[in-house]
Amino acid sequence: MTGTTPETSVVVVTYNSRDDIRSSLERLVSGHGIEVVVVDNDSSDDTQSLLRELKHEGLVDVLILSETNDGFARAVNRGIRASHGSDIFLLNPDAEIEGESLDRLREIARADPSIGIIAPLVESGPTVAVMAAGRQPTLWPLFTHFSGLARAFPRWHAMRGRHLYMKHHSAQVQEVEWVSGCALYVTQPARVAVGPLSERWFMYGEDIEFAHRVSRAGFRILVTPA
């Protein structure tokens, strides 16, 4: 995107992602007000040369090529600092979303100031029973998940576990306590309130901790199949 200030910055962290990144970025072209920021974590394949091509083609607006692999959260935060959009959408290089769907996430989020994070329904194939969202991994949600209570009583909110089940919860908007960082839209008010992702972990867990801080700041976290 050139010439105007973007509404949403899509931040993608790559590492040996040559086989996925072009398809992922091409799906975003149909969106509006989108800036694409890619941070490569010192890929050992030819991802970086492909990213240079994609930037030349206009599919990447801001390209950061790291000389070291500093982990997911640190790379995300670096990408956010280099971005220009009001809202941030984190997207894995092997995840794909149409630009129009990203526009829809923005519309929903901005229509309700109580929303801090909103995520699309992540489809991981027909064999995956759970959603990439659910309750924080405290003792009770872990117990209901691993004991089978969450599966046995999916309609009982108190029995919801670490993950929600695709079969029972994917047809309607769901308010949750965490969503995966593979496709996570965070609004500017929430981001300002809680700050960047924690860099305590090299990879995994930072999205759950970030969602926890967003909830504690008084914002809602939603998953929408729309």
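## The largest cavity

The largest cavity has a volume of about 60 Å³. Keep in mind as you look around that this is a predicted model. A search of the whole structure turns up two cavities of 30 Å³ or more.

Which residues line the largest cavity? Its lining is made of Ala119, Pro120, Leu121, Val122, Met131, Ala132, Ala133, Val179, Ser180, Ala183 and Val223. By class, 10 of these lining residues are nonpolar, one is polar and none is charged.

## The second largest cavity

The second largest cavity comes in at about 50 Å³. You will find Val76, Ile80, Ile88, Leu90, Leu184, Val186, Arg191, Gly195, Pro196, Leu197 and Phe210 around it. Nine residues of this lining are nonpolar, one is polar and one is charged.

Which elements supply at least two residues each to the lining of the second largest cavity? Helix 3 (72-81), strand 4 and strand 9 (183-186) do.

## The largest pocket

Now for the open spaces. The largest pocket holds about 530 Å³ of space. Its lining counts 24 residues, and those closest to the centre are Phe72, Asn92, Met203, Tyr204 and Glu206.

Strand 1 (8-14) and helix 9 (206-216) each contribute at least two residues to the lining of the largest pocket. Helix 9 gives the most, with three residues. The lining of this pocket divides into 11 nonpolar, nine polar and four charged residues.

## The second largest pocket

The second largest pocket has a volume of about 360 Å³. It is lined by 20 residues, and Glu96, Ile97, Pro120, Leu121 and Val122 lie nearest its centre. Strand 4 (87-91) and helix 4 (99-111) are the elements that give two or more residues to this lining.

Which element gives the most to the lining of the second largest pocket? That is helix 4, with three residues. By class, the lining of the second largest pocket has 12 nonpolar, two polar and six charged residues.

Strand 4 is another name to follow: it supplies at least two residues of the lining of the second largest cavity and gives two or more to the lining of the second largest pocket.

Technical notes. Residues are numbered from 1 along each chain as its sequence is written. This is a predicted model: local features need pLDDT of at least 70, side-chain atom pairs count only at pLDDT 80 or more; totals for chains, interfaces and linings use all residues. Side-chain values use heavy atoms; hydrogens and water are left out. On a 1 Å grid over the protein atoms alone, a cavity is a set of points where a 1.4 Å probe fits but cannot get out, and a pocket is an open set with protein on both sides within 12 Å along at least five of seven lines; lining residues have an atom within 4 Å of a point. Grid points are joined across faces, edges and corners, and a volume is the space filled by probe spheres set on the points. Helices (H or I, at least four residues) and strands (E, at least two) are DSSP runs, numbered from the N terminus. Ala, Val, Leu, Ile, Met, Phe, Trp, Tyr, Cys and Pro count as nonpolar, Asp, Glu, Lys and Arg as charged, and the others, Gly among them, as polar.
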